[in-house]
Amino acid sequence: MKKSARIASACIACLAMLSFSACGGPGPQGGKGAGGAEQIHSDAKANDDAKCQNTIKKKGVEKVTVWAWYPAMEKMVDRFNDQHDDVQVCWTRAGSGQTQYQKITTAVKAKSGLADVVQIEYDVLSQYVSGVEKHLVDLNQFGAGKLAGQYTKGVWNSVSLGGGKSIYAIPVDQGPFVMMYRKDIFDKYGVKVPTTWQEYEQAGKELRQNGFQGHIGNYEPSGNGSNVTLIAQNKGKVYDYSASEPDKLGVDFTSKQSQEVMEYWQKLAKEGVVTTDDAYTAEWYKKIVDGSWATAVCASWLVGNVRGVSGADSSADWKISKAPVWDSSTPSVNFGGSSLAVTDQAKDTKKAAKVAMEFFDDPAIQQTAITESGLFPTWTKVLNSDRFKNMTDPFYGDQKINEVIAPVALAYKGYDYLPFQPYAYDEQTKVFTEIVRNGADVPSSLRSLNKTLTDYATQQGFTVRR
Amino acid sequence: MSARTSHARVVDGGRIRGSHRLAYVLLIICCIYFLFPVWWLLVAATKSNAGLFSGAHGPMWFDKDFALWDNIRQLSTYEGGIYWRWLLNSLLYAVLGGIGATAISVMAGYGFAKFRFHGRKFYFNVVLGALMIPTTALVIPTFILMSQFGMTDTIWAVLLPSLLSPFGTYLMRIYCMGSLPDEMMEAARVDGAGELRTFFQVSLPIMTPAITTVFLLSVVGCWNNFFLPSVVLSDTKLFPITVGLTQWQVKSNAGAGSEQVWNLITSGALVSVIPLVLAFLFLQRYWVGGLTAGSVKA
Amino acid sequence: MSSIRSKSTSVRKRAVSRKENAWGWFFTAPFAVIFLLFLVIPLAYALYVSLFSYTQLKGTVFTGLGNYARAFRDPIFLSGMGRVVMYAVVMVPVQLLFALVLALVLDAIKTRFASFSRLAFFLPYAIPVVIGALMWGFLYSKQMGPFTSIFDVFGLKAPAFLSPSGIFGSLVNIVTWQWTGYYMVILYSALQSVPPELYESARLDGASEVQIAIRIKTPIISSSLVMVTVFSLIGTLQFYTEPMILRNNVPSVIPPEYAPNMYAQALAFNYNQLNYSATVSFALGLLVVVFSVVFMRLTRHQSGLED
């Protein structure tokens, strides 16, 4: 018995080893540095049997597969397909944000199964074009360079990773930072709507003194990009990475600017002026619509989201203004937004590039994107048009909200994100939570965050800029 | 309440009734504990998005607008009615996975219990060890392997791993050892029946209660499956309901480009639990039999 | 191990015939194939992959046991493991006791209300874990759940279910709610098969129902108790779905590496560290096996797992 047992276990081991050598281990791939993926393909037939979430009516036309999670995407895809006879978009919602990126990671590991065109947010773009992870095609070779003037400066900076020649994606939407506020609450308690952060703190205290049961707003430690944005408003540049020096990066949470911002929020949290709830949860939305908070300082896409969950609370009088500033030199900032990128697994790279560049280049699709998907445009022509600026929104008491938001979008200059941004966000959340909820010492917390991130960068082979 | 307890065994009337009263209080409290989340789901499913967030009467009672039918209509149209597709997928994975896993476990359990073969002891000990291996720890390696063979994003990626049921095998073995006398099988063999005929005509009928148990346990296992399908599937049309609803939750929680579909999540959750809840409540009597037979007779 | 003989082998002590050998393998072969393909090979593959390291700039290189050295010094992995062990220590006894009490009570009173209760307790088992966790996520919410107003009635402040201090109990509660009924049914059916004669005499001797339950009924169903313990132990050590779903409600309270399984997933898909992720998976699997084997050894007699 014993002997046969040993033989059996040996056999199992053998079988297991055999199966490895058959499929091969994880070997090194790609070269060093940044830059577009080299692979250009031109197989027009490869997608003929692709599975799509939309129904394609035109038969025998070349298909390009797209992963995106924009609301109302199906309607926009139908319109695009209707207008094109040389290419049809085969769209799938593979996830939203992080869940879709997981699918990208999955397909990259499998070396197959990735869509030709994928939606990618600006803050994770560099992750797919740095080091050995070069999975996005440089669209400059397909003429994307000449589109630069059609988009706002900030987002173009983001898709070119620092304004270089290579273009890794075509911008779609952005999230200009603004403040939504409940005019009725400010009126009821006789408090002036703040325009600076100093006034914001003051107004928050006054609201509570005058009997308001809620808070003026919320600082969300898990806000990821929004917290980078709040620091950027004070001219703190926490992340530093560009395509021109792909092996180098910088992390700077220890600057005076970062510290000031974090100390400000720690103080407001400690004084009970703001709450420190987590962002984007059902509860968070609930507190926005039920009047627990008098303001929400956030990206413009929240404007549409709030409309979606709000009930018929007729007493709520929502208005939009510019985000509070530190002083007159505070830059216009942005939080979020996404782009369409072409992957190195695109079956027909040129056609895929065409789809990425032209998908939203249609007034009807742009209109749907703005009104139904709630996307804030990056197209300068739209942003500057009177029609866009004069759009009124009954939810905001017929305020011409774009008159406020559009200038912020146009003035945004762009900033950088790390090639391992999801990791950086997770670490950032831990430290910011400690700071605003548990009163952790700001300078030393930020120093340790800086160290965690630079250590990780070094371990991943990057040179850290001092 | 105490009137109804009177027909319980009466030996020392006062004392028993006293402890029974306590027992009833306990049962009532526990009923509330186990049922109120279900009640909440029932109520929440009848609310619109706005009703969920700012409706009247609080979370445990119906809003003034009854939106259940409207929600169900939305389930049928949202993203082309993909919800029903997910429900069907779950059903398919659960039934096919359940049948497959049961067949394999029944055969293996029978083989382990009734045949002495080379390497049996080692083999069975390995199965016992496998009982402990967290299946979730296998998901990522399984995924990497599958991707090497282009198997990800197919129904096989979900179905095949769910065929593995060391616990079912273990249960069947115990049951066979306890309920299938060797003499009976010998008698069948003496009568000239082959091993296959003995298995199908003599042994299987006796194993029915245990088979039902293993089948239902496997069905629940597959129905619950979440980690594996969420890793190996990209095509939304292949999602089981668990992954689909979670995707909607993530979508509603996303910041930019999010869509608030909370009403679809709650009503979708309610509709999806109905089939299994009904099946279980009505089949309870059949499937617990095998479980206890296994554990008591061991 | 060979000193303990199973019932079937002791009945027929004869040499393994070639025919029997063949049939034995015939019946167990399909299982063996699935077992190899979806357990042995993935496990071995995890081991193999874990011997390499990956960095974003340099790609994949062989590092031997380097990843294991890293894992067992990685505070994130270790705290995740510690957390899961804590859950096992709390959750397993809680569920076991709760299920046992309910089963004993239901066994003692056999009224229509009792059978209704049995169904009610069992109901959560039929609800997928994902949906159960989603529901509790809503219920725990201060704004959207019922507890704030319920506690208000008594002039109390509702506990902060989703705060760093409350989350442990909240997760324990979800698991308890979902699985206790199932364990209860197993124990209850075991009690049903206990012959009444075994405790009738004790009853005549004046033993109370509680005494009978503790002194007589519980020891009889010890093998079922062991089985339930093993179930809940394995379930707990694989902790994944509940914290994963609740994380959507409170990302700052449940970090992405809350449980080792979640850490493995975050490493593989969010941080692009597939090799290290395999290390974590493998190390977790190893620890669970050790944990459970020790437990099974200790309770070998009751569980019927001896061979």
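This is a predicted model: local features need pLDDT of at least 70, side-chain atom pairs count only at pLDDT 80 or more; totals for chains, interfaces and linings use all residues.
Local features here need pLDDT of at least 70, side-chain atom pairs count only at pLDDT 80 or more, and totals for chains, interfaces and linings use all residues. Residues are numbered from 1 along each chain as its sequence is written, while chains are lettered from A and ligands numbered from 1 in the order in which they are written.

Contact (C-beta atoms, placed from the backbone, within 7 Å) links 13 residues of domain 1 of chain A to 16 residues of domain 2 of chain A. On the domain 1 side, those residues comprise 4 nonpolar, 8 polar and 1 charged. Here Ala, Val, Leu, Ile, Met, Phe, Trp, Tyr, Cys and Pro count as nonpolar, Asp, Glu, Lys and Arg as charged, and the others, Gly among them, as polar.

Chain A also meets chain B, with 44 residues of chain A in contact with 33 residues of chain B. Helix 1 (2–23), helix 3 (98–110), helix 9 (282–289) and helix 10 (301–309) of chain A each give two or more residues to this side. Helices (H or I, at least four residues) and strands (E, at least two) are DSSP runs, numbered from the N terminus. The chain A side holds 17 nonpolar, 20 polar and 7 charged residues.

**Annotated spans in chains B and C**

| Span | Helix | Strand | End C-alpha atoms apart |
|---|---|---|---|
| 91–110 of chain B | 100% helix | 0% strand | 28 Å |
| 206–228 of chain B | 91% helix | 0% strand | 35 Å |
| 81–295 of chain C | 74% helix | 0% strand | 18 Å |

**A helix pair in chain C**

Helix 9 (residues 197–204) and helix 10 (residues 209–220) of chain C pack with axes 11 Å apart, at an angle of about 165°. Axes are lines fitted to C-alpha atoms, for helices over the stretch in contact, and angles run from 0 to 180 degrees between N-to-C directions. Leu198(C), Tyr199(C), Ala202(C) and Arg203(C) of helix 9 meet Ile212(C), Ile216(C), Lys217(C) and Ile220(C) of helix 10. The residues of this contact divide into 6 nonpolar, no polar and 2 charged.

Methods:
Two residues are in contact if their C-beta atoms, placed from the backbone, lie within 7 Å.
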